[in-house]
Amino acid sequence: MKSNQPLNSEKVFRPANLDELDALAAQTAEGVTYVAGATDLLVQEERWKSARILVDLTAVKALHATLEVRENGVLIGAAVPLSRLIRHPLIRERLPILVETCRQIGSVQIQNRASLGGNIANASPAGDTLPVLSVLEAELRIGPRQNGEFEKLSLDQVMLGPGQTSLNGNRYIAQIFIPFPPRDAFWYFRKVGQRQALAISKVSLAVLGKKKEEKIEEIRICPGSVTPQIVRAQKTESLLRGQPLTEERIEKARAAIECEVSPITDIRSTTEYRRRITGELLREALYLWLRN
Amino acid sequence: MKKSKFNIVGKPVIRQDGLEKVTGQAKFADDINYPNQLYGVMVRVPVAHAKIRSIDYSAIENHPALTTICDANDIPGAKKVGPIKQDQPIFCYQKIVTPGDVVAMLVGESEEELLRLRELVNVEYEPLPVLTDPRKALEPDAPLIHPELGSNLVIHHPLRKGDVEKGFAESDYILEQTYTTPFIEHAYIEPEAVIAIPREGNKGVHIVGSIQNPYTTRKVVAAVLGWPLAKVRIQQAELGGSFGGKDDIMNILSARAAVAALKTGRPVKIRYRREESIQESYKRHAYYMHYKVGFTREGKIKAMKIDIIADGGAYSSMTPFVTWRTVVQATGPYEIENVWTDVRGVYTNNPYAGAMRGFGSPQPIFAQESIMDEIAVQLGMTPDEIRRINGFRSGSITATGQKLEKHDVNVLTVLETAVRETDFARRWRENQQQTKKRLDLAALEEAAANPGPFILHKEDFLEPEEVLRKGIGLAVSFRGTSLGAEGVDAVAAYLSLQQDGSAYLLSGLAENGQGMRTTYSIIAAEVLGLRPEDIYYLDLDTGYVGDSGPTVASRATLMGGGATKVAAETLRQRLEKVLRRHWNLPETTNFVFADRTVYPENQPDRKIAFAELCNLAYWEGVNLATIGWYSGPKVHWDESVGQGPAYFTYVYGCQVAEVTVNLSTGEVYVERVVAVHDPGTVINLLGAQGQVYGGVTQGAGYGLWEEISVDQGFIRELNFDQYLIPTSKDIGEIVPIFVEGEERYGAWGAKSLGEPTLELTAAAIANAVRNATGRRFHHLPLNLEEILLGRKLYPTSKRGSV
């Protein structure tokens, strides 16, 4: 897209602030493609060429620059490049799981452009940040604003399936609020791809947990790439919650999650491999927790 | 070390074309445009095997975006081409034999429009049974890919030495195993691009492109046009990677562009997108290899019987030569008295296979080095011990009956160097002793097949630290240098000194990214006492120097280096003659050429600047330009029994791979590869190291990730999102070590390195994985599924997870 003018696109906009963005959204009820880093869009020639209206979000500070650390969490602009999150000292301290995930995405060049909002809007079950946002119980702020307020939605209210979101018409992801987990929380994120960089996950797994007096007080488990929608493994979670973490319990949890997920066979992997690895990753995570 | 006698040779020299390439200034074929230029877009039919009934262009004929259409009817000369057998049509007119086939080319000003129009061409065809399994190609009821040939056999290379049955009878043990390797893609970063420019009057056609072998391209274009060779001029643009891949495909695209350019009278450019490139270009051959080896209790190999089927795909291309290298080298660098080898290349409806870096060696090395390790395990030896017992020494006789002599036969030297560097034997033994406890695969498989809770017992638990296993493995090889008995082996180099001491240099071989221009400049500079940057390397054009054959077979340094040295020495002698006359010195005076000056050997203070000497010679009317010529010694070959001195000399290499395998996911991390090679004399240390870094990484790709899988003739992996090549994060440290053996041939004994670096890595990794896991894998690549489940799982085309 050298010329900034995709072939079939009627218009490309680059609103300068949130008001301009919302005014633009108000005028165009349909067919808007919002773009931040465009790392997913640009490599899909057919998709960007068929986009009717492209809206570049990188001049809207509220989306591209917001990084507000509050007492209980952080508010991140949907278009903030992942590398800014990776470098941010407080995010590194309070959300190491998110930082680690961002580090494993694509390559440094991709991290310099890609954003959380883009990862969500692309709605790929292989989107690496999605399981992590799910276990962190992130809250999405959706524009355009109604009466000056963004609508607040959870990830599973937005990401509905492969390539499917509830963001119809002119709606966009503005910001993401991520509550801080307790400082002593256990966290784990791992993706398994065929290679170490620039690989789309075959399977990933995010785990966030908290123990109290040797028992699991809270645990959140979310696999990626294995289900059409990003959903937590609630049956497996309930098998663990309130229980002491033991080797037997770990093996049971592994067996449970292998039954709970229903991975599909597609271009990247097969049901057989994915089910097996989801269990293996959970086992790896829980053993790490048990040992530290 | 003999290096001390050199001023520049063996030192690290930065590539001449490095700056322009890293700063984006270099002009690749698609950067070059001509006024009035048209584009060519291919028409294909989504079928793997069919008889063409008719091609109907009526829906697009009168479209304003279409300047013309070219198909087989527009070809004045040869309608089919091929380096050995002419079985590949420029445009298909009788049959489609693989989905990459092209029936016609639409020519016009807008590629976008042409891409739309090509969907409207109506090709009527009659589907034929599709043959995809090369092991069934020779069965009596197999569909014939080229019925006029009467068989799907492209070539059969037998090799008979000694008496294998006697050898097996004398053996204490016999091992038998089947190995397979997949098709792989060259994955050059620059897809195909070429422009044909019709020249005025009777001057013919000028072609500029991403072309590996300009002289071969010229032959093909001239044959297709029915023209004399001299009427076709091929110029090489900067080339963005080739690895053996820009030969046949570029010859054919150049011919299509030339046909269209002459038909329209306008320049015609063809450039491929990645999907089209992978779809139509040739691949490395998939091999099916059966090895049977007999050996004594003491570890001496008595007999080896090898049966190999190479999938040549739809066209013969280089299959006869690729498989010939296989038959020569299939037993590895081991002295074996009794050998019986059959290598057969066959046609199928798969994408066609041709030359790729390695050229018939990475496949048998994987098999042969795997089975060597199995012999070691069976006898309780270490892998280096078994190789020490059987490895070539000076005077050894190869499987083809050739005596290895008159050069350093360094198999054991490179082995010992690598073993010492890595503390190999101790670590290998330690890894073998790692806890034998493994995942109960059968139970897990069953559980996966019948989902439901299942309980593992305490003793079944795999502690997290047991999941990561270390492994170390090695592989060794010998490799015949240059073309061998494949054909004529001679190279030209043009060197022209200017009045001020600067120089032009041009060889008939092509810069394909290997750094050859710099290598030749170093050689000329060494002889003349110049610096490499004093030498300006010219653009390759078939009009300037003699046909030097293709730039293949790791022959550029050996052959072109030899020719460059001859040229430089010729000019040096002319300059010496001028200086003797000028200073009135006797015929016996020897001179030193160094630091851009010249002086008599015994009078270091009596110096003349090189530039001044050139000026002197210029005013005396001395010819300061010459063409150096270097031709390889004769080799011969008896095809019926596969015996003869196949190559005039050999190079040797040993690589050790250190890996960590994650038993729970199947991931293999390559921690370190130590690559010890004897390439003869190293000319450019930096260039040589670069060959090792690139070759090892490419070899690791072959070992762990890369595969073109084919579904009914159709390639599944059409772009780099699915065809995965290694990134810099996928491979740890690479340690190149050079053992520079003595050699008579080439410039100061500089031989070959490019292909040896890549042919060993997959085998070394496979042996390291065996050492780590206790399990032997017989089928490349060793991807996650192969390691975890012991088989390949081919995903469907469903894009469930975008």
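Visitor: What share of the contacts in chain B with a separation of 6 or more comes from residues 24 or more positions apart?
Guide: In this predicted model, the share for chain B is 81%. Contact means heavy atoms within 4.5 Å.

Visitor: And for chain A, what is that share for residues 24 or more positions apart?
Guide: For chain A, such pairs make up 62% of the contacts with a separation of 6 or more.

Visitor: How many helices and strands are in chain B?
Guide: Chain B has 20 helices and 30 strands. These are DSSP runs numbered from the N terminus: helices are H or I with at least four residues, strands are E with at least two.

Visitor: Why does the radius of gyration of chain B agree with a compact globule?
Guide: Because a compact globule of 802 residues would come out near 28 Å, and chain B has 28 Å. The radius is taken over C-alpha atoms, and the globule rule is 2.2 Å times the number of residues to the power 0.38. The C-alpha atoms of chain B fill a box of roughly 95 × 75 × 50 Å along the principal axes.

Visitor: How much of chain B counts as buried?
Guide: Of its 802 residues, 64%. Buried means under 20% relative accessible area, exposed over 50%, and partly exposed in between, with a 1.4 Å probe and protein chains only.

Visitor: Now domains. Which ones does chain B have?
Guide: The assignment, automatic or from a database, gives domain 1 (2–25 + 490–631), domain 2 (32–128 + 196–271) and domain 3 (401–479 + 648–789).

Visitor: How far apart are domain 2 and domain 3 of chain B?
Guide: Their C-alpha centres lie 40 Å apart. Six residues of domain 2 of chain B are in contact with four residues of domain 3 of chain B.

Visitor: Let's pick a residue. Is B:Q698 buried or exposed?
Guide: B:Q698 counts as buried, because its relative accessibility is 12%. B:Q698 sits in helix α17 of chain B, residues 685–704.

Visitor: What does B:Q698 touch?
Guide: Leaving out residues up to four places away in sequence, B:Q698 touches B:H186, B:F243, B:M356, B:R357, B:E706 and B:L758.

Visitor: Where does B:G774 lie?
Guide: B:G774 is in the loop between α19 (761–773) and α20 (784–789) of chain B. B:G774 has 42% relative accessibility, so it counts as partly exposed. The C-alpha atoms of B:G774 and B:G471 are separated by 9.5 Å, and the two are 303 residues apart along the chain.

Visitor: Back to chain A. How many helices and strands there?
Guide: Chain A has 13 helices and 13 strands. The radius of gyration of chain A is 19 Å, close to the 19 Å from the globule rule for 292 residues, so chain A is as compact as a globular protein of that length.

Visitor: And which domains does chain A have?
Guide: Chain A is divided into domain 1 (11–59), domain 2 (61–179) and domain 3 (186–291). The contact between domain 1 and domain 2 of chain A takes 21 residues from domain 1 and 17 residues from domain 2.

Definitions and conventions: Residues are numbered from 1 along each chain as its sequence is written. Chains are lettered from A and ligands numbered from 1 in the order in which they are written. This is a predicted model: local features need pLDDT of at least 70, side-chain atom pairs count only at pLDDT 80 or more; totals for chains, interfaces and linings use all residues. Side-chain values use heavy atoms; hydrogens and water are left out.
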